[in-house]
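Morning, everyone. Let me walk you through one model today. Please have a look at it first.

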Amino acid sequence: MGESSASYIHMVQYLIEKCLIFHMTKEECMEALSKHANIQPVITSTVWKELVKENEGFFQAYNESQSKRDKMSEAETSAMIQKMITDHDSSTMKPQDSSSQ
């Protein structure tokens, strides 16, 4: 896997984790990332499934809590996804520490 592919997968994972913070379902996350970040739903679904494999206990509790939440509005979803992308891009653009080279 190339460096850019790994970086892309890490970005998708980061965005999924942010969607989890906002109590989105897998389907809501797939739709939001597709619409607002141009990430294909199959990519989001694949990364989500891998996260579930690695964190089964968390996702079991998370899924149980889904029935207790309110849905986000479309405007809230759009603003949140755009902020997450901007935050992620700015955190990955930090200059390398020259002493570690």
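Let's start in helix H3, where lysine 53 and glutamate 50 sit 3 residues apart, so about one helical turn separates them. Keep in mind that this is a predicted model. Those two residues form a salt bridge. The closest N and O atoms are 3.2 Å apart. How exposed is each partner? Lysine 53 counts as exposed, at 56% relative accessibility. Glutamate 50 is partly exposed, at 37%.

The background is simple. An α-helix has 3.6 residues a turn, so residues three or four places apart point the same way. And side chains of opposite charge can pair when their charged atoms come close.

How many salt bridges are there in total? The count comes to 2. Aspartate 87 forms one with lysine 83. Here the closest N and O atoms are 2.7 Å apart. Lysine 83 is exposed, with a relative accessible area of 52%. Aspartate 87 is partly exposed, at 31%.

Stay in H5 for a moment. The helix covers residues 74–92, and histidine 88 lies in it. Is histidine 88 buried or exposed? It counts as buried, because its relative accessibility is 9% and the cut-off for buried is under 20%. What does histidine 88 touch, leaving out residues up to four places away in sequence? Met11 and Tyr14.

Back to H3. The helix has 14 residues. From first C-alpha to last, H3 reaches 20 Å, close to the 20 Å expected at 1.5 Å a residue. Which residues of H3 are buried? Thr44, Ser45, Val47, Trp48 and Leu51.

Take threonine 44 from that list. Its relative accessibility is 0%, so it counts as buried. Threonine 44 lies in H3 and touches Val12, Ile16, Cys29, Met30, Leu33 and Ile39, again not counting residues up to four places away in sequence.

Now the rings. A pair of aromatic rings is described by the distance of the centres and the angle of the planes. Searching the whole structure gives 4 aromatic pairs. Phenylalanine 58 and phenylalanine 59 make an edge-to-face pair. Their centres are 5.2 Å apart, with 90° between the planes. Phenylalanine 58 is partly exposed, at 44%. Phenylalanine 59 is buried, at 4%.

Phenylalanine 58 also pairs with tyrosine 62, and that pair is stacked. The distance is 5.7 Å centre to centre, and the planes are 25° apart. Why stacked? Planes under 30 degrees apart count as stacked. Both residues lie in helix H4, residues 56–65. They are 4 residues apart, about one turn of the helix. Tyrosine 62 is buried, with a relative accessible area of 6%.

Now put the rings together. Trp48, Phe58, Phe59 and Tyr62 form one aromatic cluster. Trp48 was on our list of buried residues in H3.

Last topic: backbone angles. Most residues other than glycine have a negative phi. Two residues here are worth a look. Histidine 23 has a phi near 60°, a positive value, and it is not a glycine. Where is histidine 23? In the loop between helix H1 (3–21) and helix H2 (26–37). Histidine 23 is partly exposed, with a relative accessible area of 41%.

The other one is asparagine 38. Its phi is positive too, about 55°, although asparagine 38 is not a glycine. This residue is in the loop between H2 and helix H3 (41–54). Is asparagine 38 buried or exposed? Exposed, at 66% relative accessible area.

Quick recap, then. Lysine 53 pairs with glutamate 50, and aspartate 87 pairs with lysine 83. Trp48, Phe58, Phe59 and Tyr62 make up one aromatic cluster. Histidine 23 and asparagine 38 have positive phi values. That's all from me.

Note on methods. Residues numbered from 1 in each chain as written. Predicted model: local features only at pLDDT ≥ 70, side-chain atom pairs only at ≥ 80, totals over all residues. Heavy atoms only, no water. Helix = DSSP H or I, 4+ residues; strand = E, 2+ residues; numbered from the N terminus. Buried < 20%, exposed > 50% of the residue type's maximum accessible area, 1.4 Å probe, protein only. Contact = heavy atoms within 4.5 Å. Expected span 1.5 Å × (residues − 1). Salt bridge = Lys/Arg side-chain N within 4 Å of Asp/Glu carboxyl O. Phe/Tyr/Trp six-rings, centres within 6.5 Å; stacked < 30°, edge-to-face > 60°.
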